[in-house]
Amino acid sequence: MGDEAVFNDTIRICEFYASSLDELEVDLENYHIRMDGYDIDPVTRDGHPVRFLVEDPDGVALFVDDLDSFFQSVLDCEGR
């Protein structure tokens with residue numbers, strides 16, 4: 001799976017979890033997504049997804065292996 005395919009999958013996950021599509025900004029050139037205050041950058045190695053670099057609204061950056069599980073956990077705790 002190439003970088004573009006990984007990024008497209010990442011966009012779909014973020015579209016699902018975004019509070020509204022107005023809160024989703026996609027930078028196709030730099031493979032960067034901003035969603036509800038979260039900054040998401042997929043990290044790939046040789047065209048294969050490795051993990052995601054996520055910066056939360058408080059500015060805390062962390063590596064996430066499973067973006068879907070991460071947002072389920074975080075957003076459920078926020079009461080969505």
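**Figure 1. Aromatic pairs in the predicted model.** In this predicted model, the count of aromatic pairs comes to six. The ring centres of Phe16 and Tyr17 lie 4.9 Å apart and their planes meet at 85°, so this pair is edge-to-face. An angle over 60 degrees is what counts as edge-to-face. In general, two numbers describe a pair of aromatic rings: the distance of the centres and the angle of the planes. Which residues form one aromatic cluster? The cluster consists of Phe16, Tyr17, Tyr38, Phe70 and Phe71.

**Figure 2. Phe16 and Tyr17, buried or exposed?** Phe16 has a relative accessibility of 65% and therefore counts as exposed. The cut-off for exposed is over 50%. Tyr17, in contrast, is buried, because its relative accessible area is 12%. Buried means under 20%.

**Figure 3. Tyr17 and Phe71, an aromatic pair between two helices**. Tyr17 also pairs with Phe71, and here the rings are tilted: the distance is 5.7 Å centre to centre, with 35° between the planes. Tyr17 belongs to helix H1 (residues 3-17) and Phe71 to helix H2 (residues 67-77), so the pair ties together parts that are 54 residues apart in sequence. Phe71 has a relative accessibility of 0% and therefore counts as buried.

**Figure 4. Thr10 and its contacts**. Thr10 is located in helix H1. Its relative accessible area is 1%, so Thr10 is buried. Which residues does Thr10 touch, not counting those up to four places away in sequence? They are Ile33, Ile40, Pro42, Phe52 and Leu67.

**Figure 5. Tyr31, a residue with positive phi**. Most residues other than glycine have a negative phi. Tyr31 is not a glycine, yet its phi is positive, near 50°. Where is Tyr31? Tyr31 sits in the loop between strand S1 (24-27) and strand S2 (32-35). With a relative accessible area of 30%, Tyr31 is partly exposed, because that value falls between the cut-offs of 20% and 50%.

**Figure 6. Asp36, with positive phi in a loop**. Asp36 has a phi of about 50°, which is positive although the residue is not a glycine. The loop that holds Asp36 runs between S2 and strand S3 (38-45). Asp36 has a relative accessible area of 15% and therefore counts as buried.

**Figure 7. The chain around these views.** The secondary structure comes to two helices and five strands. Their order from the N terminus is α-β-β-β-β-β-α. For 80 residues, a compact globule would have a radius of gyration near 12 Å, and the chain agrees with this because its own value is 12 Å. The C-alpha atoms fill a box of roughly 35 × 25 × 20 Å along the principal axes. Of the 80 residues, 30% are buried. Among contacts between residues at least 6 apart in sequence, 33% join residues at least 24 apart.

**Figure 8. Surface and charges of the chain.** The chain exposes about 5100 Å². Carbon and sulfur atoms supply 46% of that area. How many positive and negative charges does the chain have? There are 5 positive and 21 negative charges, and their mean positions are 4 Å apart.

Definitions and conventions
Residues are numbered from 1 along each chain as its sequence is written. This is a predicted model: local features need pLDDT of at least 70, side-chain atom pairs count only at pLDDT 80 or more; totals for chains, interfaces and linings use all residues. Side-chain values use heavy atoms; hydrogens and water are left out. Helices (H or I, at least four residues) and strands (E, at least two) are DSSP runs, numbered from the N terminus. The radius of gyration is taken over C-alpha atoms; the globule rule is 2.2 Å times the number of residues to the power 0.38. Buried means under 20% relative accessible area, exposed over 50%, partly exposed in between (1.4 Å probe, protein chains only). Contact means heavy atoms within 4.5 Å. Accessible areas come from the Shrake-Rupley method with a 1.4 Å probe; for residues, only the protein chains shown count as cover. Lys and Arg count as positive and Asp and Glu as negative; His and the chain ends are not counted. The place of a charge is taken as NZ of Lys, CZ of Arg, CG of Asp or CD of Glu. Rings of Phe, Tyr and Trp (its six-membered ring) pair if their centres lie within 6.5 Å; planes under 30 degrees apart count as stacked, over 60 as edge-to-face and the rest as tilted.
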